[in-house]
Amino acid sequence: MEKKKVAVPLVCHGHSRPVVDLFYSPITPDGFFLISASKDGSPMLRNGETGDWIGTFEGHKGAVWSCCLDTNGLRAASGSADFTAKLWDALTGDVLLSFEHKHIVRACAFSEDTHLLLTGGFEKTLRIFDLNCPDAPPREVDDSPGSVRTVAWLHSDQTILSSCTDSGGVRLWDVRSDKIVQLLETKSPVTSVEVSRDGRYITTADGSTVRFWDANHFGLVKSYNMPFNVESASLEPKLSNKFIAGGEDMWIHMFDFHTGEEIGCNKGHHGPVHCVRFSPGGESYASGSEDGTIRIWQTGPHANHDENDALPGNGPAGKVKVGDDEVTSKIEGFHINDKGKNEEEKAIDI
């Protein structure tokens, strides 16, 4: 009897608590990379293609809610419940800068030119830090109607996007005037915002709806209601012909962008899916869950395997396998803080 073909993901272990954010770097001369944020307080860097663990950023004293890599994949940033946003050297794992806030930092994003870091959180304030002048006070935008949940850059760093934890919609701010210039209206608070790599679309998830907006004229292009509450959605980056969504039902669903028809469904997580993201080439996508794992799923011809096949885990608890030359420069010198985790790690987790 022919074995049933099923999708078998690469399972990335290592986090001890829920994974709440994922971010892929663009393709660099050394390949592309995946960084993850977790409530365990220790962001992790991985080879984006294989899922192999490269290193762990040690230094936060509370849950890490957001993480990102700059355009070159050389620096990382993270926002935490310890009231800080940190800038990291992605080659060594060292903390380069730590920016103090007055409350929990829920979101952070590098500008396209990599010179600025945008943060937002429970203070209801957007801050723009100049990484070339780290001692200078940040620019502040105080008109957010609620706690900031997500932030992103648009239009070659001329526009900022933000959504709030307790109110619907995505607000677009003009960086020059610090004023809201557009509101993308949604019925529920937006939990996920993604700007497509070609700058054409803004993908949002709110409640049980995934929406696609024209990033230049801000009109609603597509809107699809899901049979489950969605926490995160991501558009395929090359052809923009399909998208993925994950949420409370623990599955990762794939849909046709043009029709909204479900064309795939992958099961494997043992808790709600908090974040999903396509890799920069669209050949795979990653999901992060309440169960503490990251799963990388293939979208190409090698996506399916015989049932009962098992792909090995590749977290820091086991042997770190590094065979690809393109990530050598990342791995050399990257340090792991082995002092162990102390009582400070039990800090704020909201």
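Leaving aside its neighbours within four places in sequence, which residues is threonine 71 in contact with? Contact here means heavy atoms within 4.5 Å, and the partners of threonine 71 are Pro26, Thr28, Ser111, Glu112 and Thr114. I will come back to that residue after some background on the model.

What we have is a predicted model, in which local features need pLDDT of at least 70 and side-chain atom pairs count only at pLDDT 80 or more, whereas totals for chains, interfaces and linings use all residues. Residues are numbered from 1 along each chain as its sequence is written, and side-chain values use heavy atoms, with hydrogens and water left out.

Let me begin with confidence, that is, with pLDDT, the predictor's confidence in each residue, from 0 to 100. The average pLDDT of the protein chain is 88, and 84% of the residues score at least 70. Over residues 305–310, however, the pLDDT is below 50, and this stretch has 12 contacts in the model beyond near neighbours in sequence. Residues 335–348 also stay under 50 in pLDDT, and for them the model has 21 contacts beyond four places in sequence.

Turning to the fold, the protein chain has 1 helix and 29 strands, where helices (H or I, at least four residues) and strands (E, at least two) are DSSP runs, numbered from the N terminus. Of the 350 residues in the chain, 53% are buried; buried means under 20% relative accessible area, exposed over 50%, and partly exposed in between, with a 1.4 Å probe and protein chains only. If we take contacts between residues at least 6 apart in sequence, 46% of them join residues at least 24 apart. The accessible surface comes to about 15,000 Å², with 49% of it belonging to carbon and sulfur atoms; these areas come from the Shrake-Rupley method with a 1.4 Å probe, and for residues only the protein chains shown count as cover.

Now to the pocket. A pocket, on a 1 Å grid over the protein atoms alone, is an open set of points where a 1.4 Å probe fits, with protein on both sides within 12 Å along at least five of seven lines, and lining residues have an atom within 4 Å of a point. The largest pocket holds about 1,200 Å³ of space, and among the 50 residues that line it, Phe23, Ala152, Val193, Glu194 and Val195 are the closest to its centre. Strands E3 (19–24), E7 (64–69), E11 (105–110), E15 (148–154), E18 (179–195), E22 (230–235) and E26 (273–278) each give two or more residues to this lining, and the largest share, 6 residues, comes from E15. By residue class the lining divides into 23 nonpolar, 14 polar and 13 charged, counting Ala, Val, Leu, Ile, Met, Phe, Trp, Tyr, Cys and Pro as nonpolar, Asp, Glu, Lys and Arg as charged, and the others, Gly among them, as polar.

Beyond four places in sequence, its contacts include Ile35, Phe57, Trp88 and Phe110.

Proline 189 is in strand E18 and, at 30% relative accessibility, counts as partly exposed. Among the residues that proline 189 touches are Cys164, Asp166 and Ala205, not counting residues up to four places away in sequence. Aspartate 166 sits in the loop between E16 and strand E17 (168–174) and counts as exposed because its relative accessibility is 55%. Leaving aside neighbours within four places, aspartate 166 is in contact with Gly146, Ser147 and Pro189.

Finally, a point about the backbone: most residues other than glycine have a negative phi. Histidine 155, in the loop between E15 and strand E16 (159–164), has a positive phi of about 55°. Methionine 250, in the loop between strand E23 (242–247) and strand E24 (252–256), likewise has a positive phi, near 75°. Histidine 155 counts as partly exposed at 29% relative accessibility, and methionine 250 counts as partly exposed at 31%.

Notes: Points joined across faces, edges and corners; volume = space filled by probe spheres on them.
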